[in-house]
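Please look over the sequence and the 3D structure below before reading on. The briefing that follows goes through selected parts by topic.

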Amino acid sequence: MNKKVAIIGGGIVGASAAYYLSSLPGGSQIDVTLFDEGAGQATKAAAGIISPWLSKRRNQQWYQLAKDGATTLMTLARRANLSTDIYQQTGTIITRTNEKDLHDLYVLAQKRHEEAPDMGEIERLTAEEVKACIPLLTNPQPGIYVSGGARIDGEALVSELLAQAQQVNLTVKHQQVTFDHQGHLLSPTGPQRFDNVIIAVGPWLNELVEPLGIKVAVRPQKGQLIELSVPDYESQENMPVLMPEGERDFIPFGHGKLIVGATHDDEAGFNLTVTPEATQDLLSSATQFANYLTQDNITRTKVGTRAYTPDFAPFFGRLKAYPQMLVASGLGASGLTTGPLIGRLLAGTLIYGGTPDWSNYEKPLTNYLS
Ligand SMILES: Cc1cc2nc3c(=O)[nH]c(=O)nc-3n(C[C@H](O)[C@H](O)[C@H](O)COP(=O)(O)OP(=O)(O)OC[C@H]3O[C@@H](n4cnc5c(N)ncnc54)[C@H](O)[C@@H]3O)c2cc1C
């Protein structure tokens, strides 16, 4: 009889795990059921920037994970034959107003490139050259171009991965599930038996594993972004992503769509209400770089809940007290970048067994779970 695996959570981690469980050698011998409630999912609301190499974060494990995560996505795009609407290596441009900051960033880029050839080409650009790459800007600044940078549509990526896995061994149920005190999985139709469970529920992890007597150091953070229509630039399909100073980024998608995001609200808990103040704030950031944008250009506003740990790093692995269960959470603001690799590692562990040493990618699980 085939082994039965449940995945709880259909964001980037759950969907990637499902995809690799259907496509890694040996995976198709497993029957997989994915349960996803869906509300507040960070993956559907994400901006879509994949460009970890110039981050100034000091956590080396996070950097290794994000760097290898960006490479995993490049391979995944080829392997799953993703369309350019889902994943496109447009390159990213990081701009700075201060000449010294720009110089330091360029030096960092060259150093990082030695161990991360997937960064591709690195170029220093004048403000005019930045404008030539991203014509929709009215107020460009000088920057560093990294050709390996990419943008992804998280929602479309998850649908595509799930659709491909459904053709092999996956059943998707849009249901919320819980655990009882013995660790049995309870769906709306009653208790369900599985040999293994992957728990990939983002910030909802605490509430889900509470009956198991497990406490998790993870908290919710609300993120909001705006989608704008820029019809004059409809024909420009390959504009790089712009990452200026601060938290607001510009992600030009094809077909005249521009995303500007995102907010980071630690006080809102799981609230998913669109706040007009946040929308206004995002729009005014946008007009600093493209002064013709107005409220009328906004076509959609998205809100999602990120999962954060105290050291802002993700964690994933096997639960000591419930070795049939694997868990992942805390992907924070870079989960589209790290999620596919985490999903692949979890899927591989289920297929091939064991408790691999992932200390190059994360701190011990006990730092986050008690
Ligand atoms: C506004 C915003 C912008 C972002 N921009 C970027 C970016 O540019 N680049 C980047 O790399 N990352 C970005 N991120 C971060 C990234 O989106 C997240 O880190 C990542 O998507 C988290 O994936 P996940 O699978 O862990 O969780 P999620 O995507 O949140 O998925 C968890 C799923 O589990 C489901 N669930 C929860 N409890 C249950 C239950 N009991 N039963 C069934 N289902 C359940 C939820 O409904 C949800 O669908 C952004 C996030 C936000 C919010």
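An open sheet is built from 3 strands in the order S10-S11-S12, with antiparallel pairing. Strand S10 (178-179) and strand S12 (190-192) are at the edges with a single partner strand each, so one side of each has no neighbour in the sheet. This is a predicted model, in which local features need pLDDT of at least 70 and side-chain atom pairs count only at pLDDT 80 or more, while totals for chains, interfaces and linings use all residues. Residues are numbered from 1 along each chain as its sequence is written, and side-chain values use heavy atoms, with hydrogens and water left out.

**The sheet**

- Helices (H or I, at least four residues) and strands (E, at least two) are DSSP runs, numbered from the N terminus.
- Two strands pair if DSSP finds at least two bridges between them.
- Strand S11 (residues 185-187) is joined to S12 by 3 bridges, and the two run antiparallel.
- Across from Leu185 stands Gln192 in S12.
- Strands of a sheet pair through backbone hydrogen bonds, either parallel or antiparallel.

**Helix H8**

- Helix H8 (residues 276-289) has 14 residues and reaches 21 Å from its first C-alpha to its last, close to the 20 Å expected at 1.5 Å a residue; the expected span is 1.5 Å times one less than the number of residues.
- Ala278, Thr279, Leu282, Leu283, Ser285, Ala286 and Phe289 of H8 are buried (under 20% relative accessible area; exposed is over 50%, partly exposed in between, with a 1.4 Å probe and protein chains only).
- An α-helix has 3.6 residues a turn, so residues three or four places apart point the same way.
- Pro276, Glu277 and Gln288 are exposed, on the face of H8 turned away from its buried side.
- Among the elements that the buried residues of H8 pack against are strand S14 (219-229) and strand S18 (298-308).

**Leu34**

- Leu34 lies in strand S2 (residues 30-35).
- Leu34 counts as buried because its relative accessibility is 0%.
- Leaving out residues up to four places away in sequence, Leu34 touches several residues, including Ile7, Ala18, Leu162 and Val172; contact means heavy atoms within 4.5 Å.
- From Leu34 to Tyr308 there are 274 residues in sequence and 23 Å in space, C-alpha to C-alpha.
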